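Visitor: I have just opened my first protein model, and I would like to learn how to read it. Could you take me through some features, one at a time?

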Amino acid sequence: MFRRKLPNRQDAELDITSFMSLMIVLVPVLLMMMVFSHITVMQLKLPPLLANQSAEQLKEKELQLEVTNDAITIYYPAGAPLKQFSKQDETYPFDQVQLALKDVKNLLLEKGVDKKDITLLIAEDVDYQTLITTMETVRSYQAVVVASVVDAELFPDIALGDALVEAL
């Protein structure tokens, strides 16, 4: 019996440098194109109830903003309409509302009152996006300080309520 001698086999060498080069380029490009979902949570901070003041004194100092399907109305003191902004082309004039709230804030600061709370009265037929945009509008505004844009505080403590339904 003859024994056959097998030739020496050498293991094949894996050359993955071209694959690694492709991955180095492809992974960052795919990550840059990826859309990340972003969820923002808006916290409501209810104003504290002051026990030593009567309900009438609290109502006199309360700032309210009523949002209906037709307009946005600012009440200060509560129950007394200060300004009303009608809906224009199916959108609310949030920039004008913000300017009016800045004026109210400046007037209160001139009197020495640092008011941070506001009550939003929302009608039932107002959609969710309008509610969120209103909350962002009354919370803060963009201001330029030392050549940089910052968020300046308006009324960050927001309370929510139902708008009164008028009888027909």
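Guide: Gladly! Let's begin with a pair of helices: helix 3 passes helix 4 in a right-handed crossing. Keep in mind that this is a predicted model.

Visitor: Which residues make the contact between helix 3 and helix 4?

Guide: From helix 3, the contact uses Phe-94, Val-97, Gln-98 and Leu-101. Helix 4 brings Thr-130, Thr-133, Thr-134, Thr-137 and Val-138. You can find helix 3 at residues 94-110 and helix 4 at residues 128-139. Their axes come within 9 Å and cross at roughly 35°.

Visitor: Now let me step back. How many helices and strands does the protein chain have?

Guide: There are 4 helices and 7 strands.

Visitor: How do I read whether a residue is buried or exposed? Take Thr-73, for instance: which is it?

Guide: Look at relative accessible area: buried means under 20%, and exposed means over 50%. Thr-73 counts as buried because its relative accessibility is 8%. You will find Thr-73 in strand 2, residues 71-75. Beyond its neighbours within four places in sequence, Thr-73 touches Gln-64, Leu-65, Glu-66, Pro-81, Lys-83 and Gln-84. Across the 168 residues of the chain, buried ones make up 27%.

Visitor: And what lies in the loop between strand 3 and helix 3?

Guide: Asp-89 is one of the residues there, and Glu-90 is found in that loop too. Asp-89 has a phi near 55°, a positive value in a residue other than glycine. For Glu-90, which is not a glycine either, phi is positive at about 65°. With a relative accessible area of 75%, Asp-89 is exposed; Glu-90, at 68%, is exposed as well.

Visitor: Which residues form a nonpolar patch on the surface?

Guide: Leu-14, Ile-16, Phe-19, Met-20, Leu-22, Leu-26 and Leu-30 do, with about 720 Å² of accessible area together. Met-20 sits in helix 1, residues 17-33. Its relative accessible area is 42%, so Met-20 is partly exposed.

Conventions
Residues numbered from 1 in each chain as written. Predicted model: local features only at pLDDT ≥ 70, side-chain atom pairs only at ≥ 80, totals over all residues. Heavy atoms only, no water. Patch = residues over 30% accessible without salt bridge, like charges linked within 9 Å, V, L, I, M, F, W, Y side chains within 5 Å. Areas by Shrake-Rupley, 256 points an atom, 1.4 Å probe, with all protein chains shown as cover. Salt bridge = Lys/Arg side-chain N within 4 Å of Asp/Glu carboxyl O. Helix = DSSP H or I, 4+ residues; strand = E, 2+ residues; numbered from the N terminus. Buried < 20%, exposed > 50% of the residue type's maximum accessible area, 1.4 Å probe, protein only. Axes fitted to C-alpha atoms, helices over the stretch in contact; angles between N-to-C directions. Left-handed = near helix turned anticlockwise from the far one by under 90°. Contact = heavy atoms within 4.5 Å.
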